[in-house]
Amino acid sequence: MNDSPLALLGGEPAITAPGPHFAWPPIEDADRRAVAAQLETSVSIPDRSGVVAELEDALASYLGVRHVVTTCTGTAALHSMYAAAGIGPGDEVIVPALTFHATATPLFHLGAHPVLADVDDRGQLDLDAAARHITARTKAVVAVHLWGLPEDMDALVSFANDHGVMLLEDGSHAHGATWNGQRTGTFGTAAAFSLNGPKPLSAGEGGFVATDDAELYYRVLLHGQYNKRCRREIPADHPLGRFAVTGMGLKLRIHPLAAALARAQLSRLDGHLAGRRVIAARMCAALESVPGIRVPHVPAPAVPSWYALPLRYEPAELGGLPLQRFLDALHAEGATEADQPGSTCPLNTHPLFQAPGDLLAGYADHHSFAAGSFPAAGHVHNTTFKLPVWNREDHVRLADAHTAAIVKVATHAKDLL
Ligand SMILES: *Cc1c(COP(=O)(O)O)cnc(C)c1O
């Protein structure tokens, strides 16, 4: 046990290595070579060829799905997925109240309505709450595997079947995570993933849609990949073929250099995930019985991707010490990467969800979500902080230093009161 005084009160910090302590994606020579080679091959790919085809084939085989369409961002992938699923004006889509806003915001650009449903005490979609929001206009429910911890997909699949709504997934935190051995992003009609900078699989900027449904695949293409790609992928005699030149009019293609980076990273994804599993288990073991700290419960069927380690804070066990004061002390110890999730928060706290009509035409009558409407989402958010999950063996000491810093602050909490 570390008996030196808290760094916030003038003691020696627990972590002396200078930050930043975590960087993602890990760039290796294979990435540099792939991007440099792509620079010489082509920096614009208008059809499904070259590195775009290679990446999509590799993602489809990794997930075990028939079709993958890459996009410029995860937000664009979600937009294309919803459009391709036929979600339009007046339709309602049930979205967990606690997620990153882009899970829901593309719906505003289809005339549809995100219907927020509260989460359970673990921060996952509360299916009783979701059931209360089902109406004749409900088209779909969205599963988000927050921080890479898979949702209960048995329950979600039954829920969607029982209510006759589509199951869609936002897999942006959960590349390679599994539920009962099946990869997240393969349970519903379609899934959208981000390939943004810090995500478990990164293109820097990018995203993709995965589906087994050929018609939905064509519509994803028409939404954001017009002309050559549509002309070559959609059979000319298919009823949608005549729209190939213009598609729906948006252009959301991935950049070939980003595709090259993601293709190189994908070869190492399983290694990254295995490394994260080892370190996450080690961090959880170190924090399991620390007062004031709850490690995430991982149900038996779930293998997380560990996008982050979300920890729950119980101030009552630390004399009521506010989380912010706890984090200030942790930062003073050098654990600068420990933070409260920022933009991944209860969506009803965003002005866009409170008053969408003030910014978006057609939403004046949208049911607005008042502050305090989702007590569980608010509680989970206000009591969660997260740490990065490192992936390499030589990161073990850094991970240990971070958990030791948490133990130190928790055991000295009374000094801060
Ligand atoms: C990152 C993220 C997105 C948006 O992806 P971008 O690539 O940043 O557009 C959507 N949903 C979730 C859950 C995310 O984490």
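**Buried helices, cavities and backbone features of the model**

H79 is located in helix 3, where helices (H or I, at least four residues) and strands (E, at least two) are DSSP runs numbered from the N terminus. The structure is a predicted model, in which local features need pLDDT of at least 70 and side-chain atom pairs count only at pLDDT 80 or more, whereas totals for chains, interfaces and linings use all residues. Residues are numbered from 1 along each chain as its sequence is written, and side-chain values use heavy atoms, with hydrogens and water left out.

With a relative accessible area of 16%, H79 is buried, a term that means under 20% relative accessible area, while exposed means over 50% and partly exposed covers the range in between (1.4 Å probe, protein chains only). When residues up to four places away in sequence are not counted, H79 touches P106, H109, L110, H223 and L250, a contact being defined by heavy atoms within 4.5 Å.

One of these partners, H223, is among the buried residues of helix 6, which also include L216, Y217, Y218, V220, L221, L222 and G224. Because eight of the eleven residues of helix 6 (residues 214-224) are buried, this helix is largely enclosed by the rest of the structure. The elements against which its buried residues pack are strand 1 (67-71), helix 3 (74-84), strand 9 (190-194), strand 10 (207-211) and helix 7 (228-233).

On a 1 Å grid over the protein atoms alone, a cavity is a set of points where a 1.4 Å probe fits but cannot get out, and lining residues have an atom within 4 Å of a point; grid points are joined across faces, edges and corners, and a volume is the space filled by probe spheres set on the points. The largest cavity has a volume of about 50 Å³ and is lined by I45, D47, V52, T70, Q225, R229, R253 and I254. By class, this lining has three nonpolar, two polar and three charged residues, where Ala, Val, Leu, Ile, Met, Phe, Trp, Tyr, Cys and Pro count as nonpolar, Asp, Glu, Lys and Arg as charged, and the others, Gly among them, as polar.

The second largest cavity has a volume of about 40 Å³, and its lining consists of L59, Y62, L63, H175, G176, F193, L201, F208 and L269. Seven of these residues are nonpolar, two are polar and none is charged. Helix 2 (residues 50-63) supplies the largest share of this lining, namely three residues.

Several backbone features were identified as well. The peptide bond from G19 to P20 is cis, with omega near -5 degrees, and the bond from W24 to P25 is cis with omega near 0 degrees. P20 lies in the segment before helix 1 (29-41), and P25 is also found in the segment before helix 1. W147, in the loop between strand 5 (138-144) and helix 5 (153-163), has phi near 60 degrees, a positive value in a residue other than glycine, and is buried at 9% relative accessibility. N227, in the loop between helix 6 and helix 7, has a positive phi near 65 degrees, but is partly exposed, with a relative accessible area of 27%.

Technical notes: 1 Å grid on protein atoms, 1.4 Å probe; cavity = no way out; pocket = protein on both sides within 12 Å on 5 of 7 lines; lining within 4 Å.
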